[in-house]
Amino acid sequence: MTFDLSHWQTRLDQLAATHHVPGATLAVLTEGEVHELATGRLHTGTGVETTTDSLFLTGSVAKVYTATAIARLADEGRLDLDAPVRAVLPDFTVADPEASTTITPRQLLSHTSGLTCDFNYDGGRGDDCLERFVAAAATVPLDCPPGMVSYSSVGYVVLGRIIEVLTGTTWDQALKDLLFAPLGMTHSMTLPEEALAFRTAMSHLGEPGAYPEPAPAWDLMPRAAGPYGRVITSAADMVRLARMHLDGGTAPDGGRVLSAGAVEEMQRRVAGVPDKWTVSADGWGLGWTLYDWDGIPGYGHDGAAIGQYAYLRVVPHAGVAVSLLTNGGGARQLYGDLLTELLAELAGVTMPGAFEPAAEPPAVDLAPHVGVYRREGVRITISEQDGAGRVRYEFMDDMAGLSPAIEGQLLPLSSTVFAATGAGPSFSEGYMPVVFATLPDGNACCYIGMRCAPRIAV
């Protein structure tokens, strides 16, 4: 099927305007060819136009890059994914003494290490920032025991540090050597100062339903956030990374980046997920979010920086990869509408609808879930008021002050899954999934944003 560039440019323009997205770029790999589109403005204050070679912050899509670099090192025999982390980092320590000796790189890659996510430590700007971060995280409580799923950015900083020790260079340089250079990714980088040589999107913030304004700062993350949250890239370069995975690990020039076996292993399901809605996940592989679209398998990842949102989807049976990069506004809605149309036409995929309350909510007893839940950086309070369930989600510790508390009503979909109001468009087109589960010791836990928080008080 011929890719109708004019049609999809029109749809990108229309949907970006409908959802008040200031600027966006789209890259589509289909039938062996990459098509690039752009719309809007990189910065509404200066009026700089978005072009296909523009760079965006991609947030947690960076985890795919870190995971691919780790997979390459394992492929070369330099790392055993199932040996304890201490085999590479002898001083690796977490708050649980037993877990300190048993956590493996495979668990870090698949978010099953128990390590937390929102530990906002600034390791400084020096080349030792990851080493400092890993040391500082030693006393931070685990979200859950190793083996359970809890989305973990801290785990990816540990992976970044493993890369540094094995390569003898910084994570930033290692990505250049292991991925960017072999794949011809000339518009990919990790440090803010490197982006100054390119057209780069400004972050935008604002209330839903209107165009956002330029953010007071472009990027607030420390350098140590790189392995989990800062790859600065173009949509086409992101698709080039996906293409290597689709091509069984080979680069455009025929050189091998990964073995076919390593590519397959990254896509193999390691764990299911209690929260299947925040990023439409059906499971986790090694770095990849895994999807099951009515029997059609796929993989990808979502990312959020301050006011910028990125989406990568890959459909292997059709040889299709799609990257959408945005700089604010109703990005999640743009993603939902545009990729639903794109993947249906190009790959026969029926994407899931938006997460929302049941048309006829079931009668649910909220009492077993009432209480206070706590993990590093976040406190969640579940209560009943006038017969209705309520949630309060507030940032604590080093995360305090980054964002106002989210407060909303809990609308049941089942006895353990609820849709929370008041979360804004970054959570599944408007409703925030709140999922309750049980820890191995019998204590209750609450998943929001795929992160597990144990209950600390009833």
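Residues are numbered from 1 along each chain as its sequence is written, and side-chain values use heavy atoms, with hydrogens and water left out. In this predicted model, local features need pLDDT of at least 70 and side-chain atom pairs count only at pLDDT 80 or more, whereas totals for chains, interfaces and linings use all residues.

An open sheet is formed by 8 strands in the order β3-β2-β1-β13-β12-β11-β10-β9, with antiparallel pairing. Helices (H or I, at least four residues) and strands (E, at least two) are DSSP runs numbered from the N terminus, and two strands pair if DSSP finds at least two bridges between them. β3 (48–49) and β9 (283–284) each have a single partner strand and stand at the edges, so one side of each is left without a neighbour in the sheet. The antiparallel pairing of β9 with β10 extends over 2 bridges, and G283 stands opposite L290 in β10. Helix α1 (residues 5–18) lies across β1 (23–30), β2 (33–43) and β13 (320–326), and runs at about 30° to β2. Axes are lines fitted to C-alpha atoms, for helices over the stretch in contact, and angles run from 0 to 180 degrees between N-to-C directions.

A further open sheet contains 3 strands in the order β4-β8-β5, again with antiparallel pairing. Its edge strands, each pairing on one side only, are β4 (56–57) and β5 (188–189). β4 pairs with strand β8 (residues 232–233) in the antiparallel sense over 2 bridges; the bridge partner of L57 in β8 is I232.

The axes of helix α6 (residues 153–167) and helix α7 (residues 171–180) come within 9 Å and cross at roughly 70°. That makes α6 roughly perpendicular to α7 (65 to 115 degrees). The contact (heavy atoms within 4.5 Å) is made by G160, I163, E164 and T167 of α6 and by W171, A174 and L178 of α7. By class, this contact of α6 with α7 has 4 nonpolar, 2 polar and 1 charged residues. Ala, Val, Leu, Ile, Met, Phe, Trp, Tyr, Cys and Pro count as nonpolar, Asp, Glu, Lys and Arg as charged, and the others, Gly among them, as polar.

The second largest pocket holds about 290 Å³ of space. A pocket is an open set of points on a 1 Å grid over the protein atoms alone, where a 1.4 Å probe fits, with protein on both sides within 12 Å along at least five of seven lines; lining residues have an atom within 4 Å of a point. Of the 20 residues that line this pocket, S280, M351, P352, G353 and A354 are the closest to its centre. α12 gives the most to the lining, with 4 residues.

Note on methods
Angles under 35 degrees count as roughly parallel, over 145 as roughly antiparallel, 65 to 115 as roughly perpendicular and the rest as oblique. Grid points are joined across faces, edges and corners, and a volume is the space filled by probe spheres set on the points.
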